[in-house]
Amino acid sequence: MLGLALDLLIAALVIGVALWTVRTRDDFAAIVGFVAYGLLLTLAWARLAAYDVALTEAAIGGGVTGVILLRASIRLKPVATARKPIGARILVGLLCAAISAALAAVVLLPMTPAPSLAIEVRTHLASTGLGNPIAGVLMAYRALDTFLETVVVLLALFGVWSLTPDAAWGGRPAMAVPAAAFGPLPLFGRLLIPVGIVIGVYIVWVGADAPGGKFQGATILAAMWILAMMAGLTQAPSIGRWRLRLLLAAGPIVFLAIGLAGIPLAGAFLAYPEALAKPLILLIEVALTLSIAATLGLLVAGPPDVTPGVEP
Amino acid sequence: MSLATLDAATLYGLMGAVLVGIGLYGIVLHDVFIRRLLAFNLLGGGVFILFGVIARRGAGAGFPGDPVPQALVITGVVVAFCATALAITLIERLAAKDEASDGDDHS
């Protein structure tokens with residue numbers, strides 16, 4: 001009963017913050033509302049016993065998305081817009097409520113028995129050498145999804161870089177907060193970054209057998225890098241450096257190479273020979289962690305805006 | 001088919017349904033790109049939660065939830081972030097371009 005009261009409170013808060021995010025007149029307030037929404041959703045995921053997803057939502061949905069939205073709020077000027085006429089608002093509201101009602105009906109009238117692949121996952125999990133079923137799904141049963149996802153992450157960075165102003169091509173993103181040099185941010189960075197790196201690596205490592213994994217851990221590592229760049233402790237790299245590009249592509253390349261090797265060795269693309277499943281999965285995870293952390297960090301940093309050779 | 005019992009999964013399922021409606025409302029009614037993007041992500045959060053409810057109801061074999069939809073949501077959250085990052089950069093670039101052409105008009 002107490003549990004259900006807690007769930008009710010979380011659900012009410014999430015809906016309240018979502019309404020605030022849509023309704024407020026102030027764009028910056030909407031961004032702050034969205035960050036709060038991401039963090040509250042994390043609680044909902046934890047209450048649904050999906051701890052891996054809760055970690056992902058906390059790190060990505062509430063964390064890095066928030067940083068990138070704040071970047072936008074600094075660069076975008078507020079635009080004054082008039083509210084839509086009341087008739088339009090009521091009509092759209094009613095239509096959206098109808099869609100919500102249809103989805104609610106699906107929730108209230110579930111299929112019995114509930115569709116589930118849990119038993120199949122349990123049956124074959126031992127052959128992957130992993131203890132965390134979600135890592136098993138991501139790295140073995142649905143490895144193709146995960147491979148394509150890592151390519152999508154890289155493609156998004158290509159898209160961001162392709163929006164570079166001509167003059168800045170080959171340069172680096174300016175990340176440091178100008179007033180940061182003597183403020184509390186560098187101190188905060190020096191204290192937090194070593195701890196954050198240890199936690200990030202731990203979450204990647206423990207993901208094989210417990211909630212965690214490469215996406216969550218890589219996001220924490222990326223966040224530490226972003227903090228170092230914002231505090232002026234390090235500079236964002238020039239996007240033209242070939243070593244950087246190799247690092248970004250290493251994860252998908254290793255994944256693809258091991259996947260192709262699976263055709264002669266295990267009979268299918270992205271299949272692992274059973275004896276080597278765990279070491280191969282670990283190798284892919286390490287390469288992916290480095291690439292994803294670097295790519296996420298550069299996605300947040302945005303396109304280069306410092307002309308190569310010109311220091312501000 | 002029978003009515004679902006009122007448990008955490010049902011409650012969060014209803015929350016997800018409401019979030020989809022709120023997000024859609026924002027996408028349709030906002031003129032400012034960044035607000036539309038936020039509303040789109042609100043909608044996405046609702047869809048992901050509905051996946052989580054399906055996963056929770058599929059609990060079995062000693063797992064607290066069906067790991068397959070949970071893994072799909074993890075993939076989805078990462079891809080949604082990438083799309084958001086690209087969209088934000090597009091919006092920023094568009095704003096910078098508008099600003100530059102406004103400057104030309106006054107000169």
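1. Basis. This is a predicted model, in which local features need pLDDT of at least 70 and side-chain atom pairs count only at pLDDT 80 or more, while totals for chains, interfaces and linings use all residues. Residues are numbered from 1 along each chain as its sequence is written, chains are lettered from A and ligands numbered from 1 in the order in which they are written, and side-chain values use heavy atoms, with hydrogens and water left out.

2. Fold of chain A. Chain A has 11 helices and 0 strands (DSSP runs numbered from the N terminus, helices being H or I of at least four residues and strands E of at least two). The C-alpha trace spans about 60 × 60 × 35 Å along its principal axes. Of the 312 residues in chain A, 47% are buried (under 20% relative accessible area with a 1.4 Å probe, protein chains only; exposed is over 50% and partly exposed in between). Among contacts in chain A (heavy atoms within 4.5 Å) between residues at least 6 apart in sequence, 74% join residues at least 24 apart.

3. Domains. Chain A is divided into domain 1 (1-115) and domain 2 (119-312), with bounds from an automatic or database domain assignment. Their C-alpha centres lie 27 Å apart. To the contact, domain 1 of chain A gives 11 residues and domain 2 of chain A gives 17.

4. Domain interface. The two domains of chain A bury about 1,100 Å² between them, with carbon and sulfur atoms giving 68%; buried area is the accessible area (1.4 Å probe) that two parts lose on being put together, summed over both. On the domain 1 side, A:Asp52, A:Leu55 and A:Val64 lose the most area, together 43% of what that side buries.

5. Polar links between the domains. There is 1 salt bridge between the domains (a side-chain nitrogen of Lys or Arg within 4 Å of a carboxyl oxygen of Asp or Glu). The count of residue pairs in polar contact, both at pLDDT 80 or more, is 6. A polar contact is a pair of N or O atoms within 3.5 Å; within protein, one must be able to donate a hydrogen and the other to accept it, and residues adjacent in sequence count only if both atoms are side-chain atoms.

6. Helix α6 of chain A. Because 7 of the 9 residues of α6 (residues 133-141) are buried, this helix is largely enclosed by the rest of the structure. The buried residues include A:Pro133, A:Ile134, A:Val137 and A:Leu138. A:Asn132 caps the N-terminal end, with a side-chain oxygen 3.0 Å from the backbone nitrogen of A:Ile134.

7. Contact of chains A and B. Chain B contributes 73 residues and chain A 86. The chains bury about 7,200 Å² between them, 78% of it on carbon and sulfur atoms. B:Tyr12, B:Ile74 and B:Phe81 supply 10% of the area that chain B buries against chain A, more than any other three residues.

8. Polar links between the chains. The chains share 5 salt bridges and 17 residue pairs in polar contact, both at pLDDT 80 or more. On the chain B side, α3(B) provides the largest share, 24 residues.
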